[in-house]
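Reader: Please take a close look at the helix packing in this model. Give me the cut-offs as you go, and keep it brisk.

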Amino acid sequence: MNEEQLLKTDRDGLSSKDDEYYMGIALRLAKEAASEGEVPVGAVALWEDGRVVGVGKNRRESEKCALCHAEIEAIAEANRTLGGWRLHKCTLFVTLEPCPMCAGAITNARIKRLVIGARDPRAGAYGSVFNINDLPLNHKTELTCGVLEEECAGVLKDFFKDLRKIGK
Ligand SMILES: [Zn+2]
């Protein structure tokens, strides 16, 4: 294997350290959302060449829109960046397990791989409430769970603790 091939292999296979790096960006977006009074969830879309092509954070309250989840925003931005709807060479990093709406969008966008931080036992559509990959759909998304799990769950826990403190 020559050097060029070796480099290509390196780029093709993201290491777990890379997963943590990009999840760290998603986590920063989640913290931004929290500071804006939003439930802290962040998402980053990475193209196979290493470009971040879309980012998103939950903006449901500020936009007064049920559709404004972090994943939807990241997918929409990736579509604009790439000039196409098909994200079959994208890895999506999300701090919280996607809900059924976002799982549908991830499937429709043909996202290659999904990396999840914390589990969502109440609404998670990748194994918690159900697993969309078990349904007979025409696309399955590769799954990696538990990347920076404690940190991702921690921002949510802190957010809801602070909400209770101010009696909302
Ligand atoms: Zn969602």
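Author: Start with H2 and H6: Leu 27, Ala 30, Lys 31 and Ala 34 in H2 meet Glu 151, Cys 152, Val 155 and Phe 159 in H6. To meet, or be in contact, two residues need C-beta atoms, placed from the backbone, within 7 Å. By class, this contact has six nonpolar, no polar and two charged residues. Nonpolar covers Ala, Val, Leu, Ile, Met, Phe, Trp, Tyr, Cys and Pro; charged covers Asp, Glu, Lys and Arg; the others, Gly among them, are polar.

The model is predicted: local features need pLDDT of at least 70, side-chain atom pairs count only at pLDDT 80 or more, and totals for chains, interfaces and linings use all residues. Residues are numbered from 1 along each chain as its sequence is written. Helices (H or I, at least four residues) and strands (E, at least two) are DSSP runs, numbered from the N terminus.

Now the geometry. Two packed helices are described by the angle and the distance between their axes. Axes are lines fitted to C-alpha atoms, for helices over the stretch in contact; angles run from 0 to 180 degrees between N-to-C directions. The axes of H2 (residues 16–35) and H6 (residues 149–165) come within 10 Å and cross at roughly 5°. H2 and H6 are therefore roughly parallel to each other. That label takes angles under 35 degrees; over 145 is roughly antiparallel, 65 to 115 roughly perpendicular, and the rest oblique.

H6 has a length check. Its 17 residues should span 24 Å at 1.5 Å a residue, and its end C-alpha atoms are 24 Å apart, which agrees. The expected span is 1.5 Å times one less than the number of residues. Leu 148 sits in the loop between S5 and H6. Its phi is positive, about 50°, although Leu 148 is not a glycine. Leu 148 counts as buried, because it has 21 C-beta neighbours inside 10 Å. Buried means 20 or more other C-beta atoms within 10 Å of a residue's own; exposed means 12 or fewer, and partly exposed lies in between, with C-beta atoms placed from the backbone. After H6 comes Gly 167, with a positive phi near 65°.

The second pair is H4 (residues 70–82) and H5 (residues 100–108). Their axes come within 9 Å and cross at roughly 20°. H4 and H5 are therefore roughly parallel too. H4 passes H5 in a left-handed crossing: the near helix is turned anticlockwise from the far one by less than a right angle, whereas clockwise would be right-handed. Here Glu 71, Ile 72 and Ile 75 in H4 meet Cys 102, Ala 105 and Ile 106 in H5. This contact has five nonpolar, no polar and one charged residues.

H4 has its own buried set: Ala 70, Glu 71, Ile 72, Glu 73, Ala 74, Ile 75 and Ala 78. Their cover includes H2, S1 (42–47), S2 (52–57), S3 (90–96) and H5. The 13 residues of H4 should span 18 Å, and its end C-alpha atoms are 18 Å apart, which agrees.

Lys 64 lies in the loop between H3 (60–63) and H4. Its phi is positive, near 50°, and Lys 64 is not a glycine. Lys 64 is exposed, with 8 other C-beta atoms within 10 Å. Just after H4, Gly 83 takes a positive phi of about 70°.
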